[in-house]
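Q: I would like to learn how to read a model feature by feature. Can we work through one together?

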Amino acid sequence: MTGPAPSEQLPDYFAYLKSISPAALKVWAASSEAELSTAVDLLLEDALRQIKSSNVPRDLGRSRMLVQLLTAAAIPCSAEEGQGGQVHLTVKHPADLELTVRRALAP
């Protein structure tokens, strides 16, 4: 993800977000648990693709990088390590709607 948003106006921010991560914009636009779940899946695919293309070794904090990428797109999330190295990711709706999606990611 690159540079700051061009202004403090919400329409400008959403245009900027769409330009750097269309999947993140879908998370912002979600209005139901099902929409948020689908959007989070797309966002995770995109973020994991970026991480894998960066050639960062798995043991150097891919889950931390995942949280950083989502946080850079203003998507509130947290990650916890589970059994067997699984990462449990929790993503909340960025507009403070009472919607949350949890995913268990393979190590």
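Q: Where does alanine 74 lie?
A: First, a caution: this is a predicted model. Alanine 74 sits in the loop between H4 and strand E1 (77-81).

Q: What is the phi of alanine 74?
A: Start with the general idea. Most residues other than glycine have a negative phi, and most peptide bonds are trans. Now the case here. Alanine 74 has a positive phi of about 60°, although it is not a glycine.

Q: Is alanine 74 buried, partly exposed or exposed?
A: Use the cut-offs: under 20% relative accessible area is buried, over 50% is exposed, and partly exposed is in between. Alanine 74 has a relative accessible area of 33%, so the residue is partly exposed.

Q: Which loop holds aspartate 96, and what is its phi?
A: Aspartate 96 is in the loop between E2 and strand E3 (100-105). Its phi is positive, about 60°, and aspartate 96 is not a glycine either. With a relative accessible area of 68%, aspartate 96 is exposed.

Q: Where does proline 76 lie, and which residues does it contact beyond its neighbours within four places in sequence?
A: Proline 76 lies in the loop between H4 and E1. Leaving aside those neighbours, proline 76 is in contact with Thr90, Val91, Lys92, His93 and Pro94. Take histidine 93: proline 76 and histidine 93 are 17 residues apart in sequence, but 7.0 Å apart in space, C-alpha to C-alpha. Proline 76 is partly exposed, with a relative accessible area of 34%.

Q: What does threonine 90 touch, not counting residues up to four places away in sequence?
A: Threonine 90 touches Pro76, Cys77, Ser78, Thr100, Val101 and Arg102 on that count. Its place is in strand E2 (residues 87-92). The relative accessible area of threonine 90 is 18%, so this residue is buried.

Q: Let us turn to the helices. How are two packed helices described?
A: By the angle between their axes and the distance between the axes. Here, the axes of H1 and H2 come within 5 Å. They cross at roughly 135°.

Q: How are H1 and H2 oriented to each other?
A: Check the angle against the cut-offs: over 145 degrees would count as roughly antiparallel, and 65 to 115 as roughly perpendicular. H1 and H2 are therefore oblique to each other.

Q: Which residues make the contact?
A: From H1 come Tyr13, Phe14, Leu17, Lys18 and Ile20. H2 supplies Pro22, Ala24, Leu25 and Trp28. In this contact of H1 with H2, 8 residues are nonpolar, none is polar and 1 is charged.

Q: Some of those residues carry rings. How is a pair of aromatic rings described?
A: By the distance of the centres and the angle of the planes. Pairing needs centres within 6.5 Å. By this rule the count comes to 4 aromatic pairs. Take tyrosine 13 and tyrosine 16: their ring centres are 6.5 Å apart and their planes are at 45°, so this pair is tilted.

Q: Where do tyrosine 13 and tyrosine 16 lie?
A: Both lie in helix H1 (residues 10-20). They are 3 residues apart, about one turn of the helix. Tyrosine 13 is buried, with a relative accessible area of 18%. Tyrosine 16 is buried too, at 15%.

Q: Why is the pair of phenylalanine 14 and tryptophan 28 called edge-to-face?
A: Planes over 60 degrees apart count as edge-to-face. The planes of phenylalanine 14 and tryptophan 28 are at 65°, with ring centres 5.5 Å apart, so the pair is edge-to-face. Phenylalanine 14 lies in helix H1 and tryptophan 28 in helix H2 (residues 22-29), so the pair ties together parts 14 residues apart in sequence. Phenylalanine 14 is partly exposed, with a relative accessible area of 25%.

Q: Which residues form the aromatic cluster?
A: Tyr13, Phe14, Tyr16 and Trp28 form one aromatic cluster.

Q: How many helices and strands does the protein chain have?
A: The protein chain has 4 helices and 3 strands. Along the sequence, the pattern is α-α-α-α-β-β-β. Buried residues make up 33% of the 107 residues.

Definitions and conventions: Residues are numbered from 1 along each chain as its sequence is written. This is a predicted model: local features need pLDDT of at least 70, side-chain atom pairs count only at pLDDT 80 or more; totals for chains, interfaces and linings use all residues. Side-chain values use heavy atoms; hydrogens and water are left out. Rings of Phe, Tyr and Trp (its six-membered ring) pair if their centres lie within 6.5 Å; planes under 30 degrees apart count as stacked, over 60 as edge-to-face and the rest as tilted. Helices (H or I, at least four residues) and strands (E, at least two) are DSSP runs, numbered from the N terminus. Buried means under 20% relative accessible area, exposed over 50%, partly exposed in between (1.4 Å probe, protein chains only). Axes are lines fitted to C-alpha atoms, for helices over the stretch in contact, and angles run from 0 to 180 degrees between N-to-C directions. Angles under 35 degrees count as roughly parallel, over 145 as roughly antiparallel, 65 to 115 as roughly perpendicular and the rest as oblique. Contact means heavy atoms within 4.5 Å. Ala, Val, Leu, Ile, Met, Phe, Trp, Tyr, Cys and Pro count as nonpolar, Asp, Glu, Lys and Arg as charged, and the others, Gly among them, as polar.
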